[in-house]
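Hi,

Here is the structure I promised to pass on. Have a look at it first, and then read my notes below.

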Amino acid sequence: MSALNGVLPHDLAVSAAEIAPEGFHPRFSATRRAYRYLLWHSSWPSPLLGRYSLHVRGRLDTEAMARAAGLFEGTHDFAAFAGSGMGVPGDERDGGPSTVRTVYQARMHRLDPAANVWAWDAPEARDAPGEEQGSLWAIDLVANAFLPQMIRTIVGTLLEVGRGKRTVESIIELIEGRDRRNAGETARSHGLCLLWVEY
């Protein structure tokens, strides 16, 4: 641990280390992964959260977004939300990787901006959200694995729901259609953070 922390960059640290079993792989041995995407909804930017959240202005139906987020739970073919050409019909390669994933949890909830937003059990904001003070929203996804750009495309699609560009029910049609061209834009990467991995 001490040797690693001596050479790691200032924004990364090792807090614990142990011997892994024979054949352990940090990626392929994982059974669940949890990601959080932060949205700062306000007419003004947040200097403290700007590096770690997507600033969203204007009207946003967060209740509809939360309902739509729940529709991603379960085992589905997520080709419509995959990058790297995986979700474009006709581009499939024989024997290519599967686009089926199991999402164990998909939720959107409002966090207290003063809390540790990187804690999985971070407290939710108690007061009613308002454009005048801004609100911090978390989109949390837990799955056995994720496709390239899957989370960011889900976020971009949920934002379209929040802006009234698509309905909550259209999420089901997107999943069943398996066509990336019909989903929303890929949200910017700086709002995304890996929170934990389960082995």
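Which residues are buried in helix 2? They are Thr62, Ala64, Met65, Ala68 and Ala69. Before I go on, please keep in mind that this is a predicted model.

Looking down the axis of helix 2, you'll find its buried residues within an arc of 155°, so they line one face of the helix.

Gly70 is partly exposed, with a relative accessible area of 30%.

Now for the partner helix. Helix 2 and helix 3 pack with their axes 8 Å apart and at an angle of about 140°. Angles over 145 degrees would count as roughly antiparallel, so this pair is classed as oblique instead. The crossing of helix 2 past helix 3 is right-handed. On the helix 2 side the contact is made by Ala64, Met65, Ala68 and Ala69, and on the helix 3 side by Leu158, Leu159, Val161 and Gly162. Sorted by type, the residues of this contact are seven nonpolar, one polar and no charged.

Next, helix 4 (residues 170–177). Its buried residues are Ser170, Ile171, Leu174 and Ile175. They sit on the same side of helix 4 because they cover an arc of only 145° around the axis. What does the face turned away from the buried side of helix 4 carry? There you'll find the exposed residues Glu173 and Glu176. The cover over the buried residues of helix 4 includes helix 2 (62–70), strand 3 (74–77) and helix 3 (150–162).

Two backbone spots are worth a look in your viewer. As a general rule, most residues other than glycine have a negative phi.

- Arg178 comes after helix 4 and has a positive phi of about 60°, although it is not a glycine. Arg178 is in the loop between helix 4 and strand 6 (192–198), and counts as partly exposed at 31% relative accessibility.
- Gln149 is not a glycine either, and its phi is positive, near 60°. Gln149 lies in the loop between strand 5 (135–143) and helix 3. It is partly exposed, with a relative accessible area of 37%.

Last one: Tyr37, in strand 1. Is Tyr37 buried or exposed? It counts as buried, at 0% relative accessibility. Leaving aside neighbours within four places in sequence, Tyr37 is in contact with Leu54, Trp137, Ala138, Ile139, Arg152, Val155, Ala187, Arg188, Gly191 and Leu192.

Cheers

Key:
Residues numbered from 1 in each chain as written. Predicted model: local features only at pLDDT ≥ 70, side-chain atom pairs only at ≥ 80, totals over all residues. Heavy atoms only, no water. Buried < 20%, exposed > 50% of the residue type's maximum accessible area, 1.4 Å probe, protein only. Helix = DSSP H or I, 4+ residues; strand = E, 2+ residues; numbered from the N terminus. Arc of directions from axis to C-beta. Contact = heavy atoms within 4.5 Å. Axes fitted to C-alpha atoms, helices over the stretch in contact; angles between N-to-C directions. Parallel < 35°, antiparallel > 145°, perpendicular 65-115°, else oblique. Left-handed = near helix turned anticlockwise from the far one by under 90°. Nonpolar A, V, L, I, M, F, W, Y, C, P; charged D, E, K, R; others polar.
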